[in-house]
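Please open the structure in your viewer and keep the selection tool at hand.

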Amino acid sequence: MNIALFGYGRMGKMIEQVALNRNHTIVAKIDIDTTEIDFSKIDVAIDFSLPNAAFGNITKCIENNVPVISGTTGWLENYDNAVALCKEKKGAFIYGSNFSLGVNLFFELNDYLAKMMSNLKDYNVTMEEIHHTKKLDAPSGTAISLAEGVIKNTNYEGWKLDTTEKATEIPIVAKRIGDVPGTHTVAYNSSVDSIEIKHTAHNREGFALGAVVAAEWIIGKTGVFSMKDVLNIN
């Protein structure tokens, strides 16, 4: 495959190495200063750029009939617009708050636990996410996805960053420490005990591998997909 990388920071460089190891070719490395892009040479694009650039990158790809994988977080106010454009242009698009196989299994576990806990009113949910100090958005897209998984299966109405517990909102604590790739904890606390599930990433290679696998999967397809589709998680 001929892959274009939108964003060539640490994740972009990791994706490049994984892609090369899987015998793909990087035909473009698009960053802030890039002015011209030859979409005719691109089979698929992988976007790990900046929140203020992601929607524009996705739009360009869809309008030029290039399938696009986006792992950039912090731009989701425009997600519905990206979906509408993809459907209008009969394009192909995957957004993932986290492309790690382990995290996507963790999402399923989180949903299942929330369903089991939904009628146990003595338990309150709290969340914590820890990332490296260069991460720009807070809470992480993964934490938001986890919160949404709890919300859809319980009576919680929303989430709130760095706040005390409220009956209707899930408090999310976001910490930025050193070079931590990503740690997410979901806890159910009562006066007598606590139940926790936790995912800890040891490095960024799992995120990069998942993005490349998603890029391989989407070739030849039309529509808006998720990692559930890529991994055939039902």
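Predicted model: local features only at pLDDT ≥ 70, side-chain atom pairs only at ≥ 80, totals over all residues.

Residues are numbered from 1 along each chain as its sequence is written, and side-chain values use heavy atoms, with hydrogens and water left out.

**The sheet.** Select the six strands that form an open, parallel sheet in the order β2-β1-β3-β4-β5-β11. The edge strands, each pairing on one side only, are β2 (25–30) and β11 (223–225). From one strand to the next, the twist averages 20 degrees. Strands are DSSP runs of E, at least two residues, and helices are runs of H or I, at least four, numbered from the N terminus; two strands pair if DSSP finds at least two bridges between them.

Next, select β4 and β5, which run parallel and are joined by three bridges. Ile 69 has Ile 94 of β5 as its bridge partner.

**The helices on the sheet.** Helix α2 packs on the sheet and touches β1, β3, β4 and β5, its direction making about 165 degrees with that of β4. Helix α3 also packs on the sheet, touching β5 and β11, at about 160 degrees to the direction of β5. Axes are lines fitted to C-alpha atoms, for helices over the stretch in contact, and angles run from 0 to 180 degrees between N-to-C directions; contact means heavy atoms within 4.5 Å.

Now select residues 51–63, helix α2, where the buried residues include Ala 54, Ile 58 and Cys 61. Buried means under 20% relative accessible area, exposed over 50%, and partly exposed in between (1.4 Å probe, protein chains only). Among the elements covering these buried residues are β3 (44–47) and α3 (79–89). Just after α2, Asn 65 takes a positive phi of about 60 degrees.

**The cysteines.** Select Cys 61 and Cys 86. How far is the sulfur of Cys 61 from the closest cysteine sulfur? The distance is 11 Å, to Cys 86, which is too far for a bond. With a disulfide defined as a pair of cysteine sulfur atoms within 2.5 Å, the count comes to zero. Cys 61 is buried at 0% relative accessible area, and Cys 86 is buried at 1%.

**A loop residue.** Finally, select Asn 153, in the loop between α5 (141–151) and β7 (158–161). Asn 153 is buried, with a relative accessible area of 17%. Leaving aside neighbours within four places in sequence, Asn 153 is in contact with Asp 111, Ala 114, Lys 115 and Ser 118.
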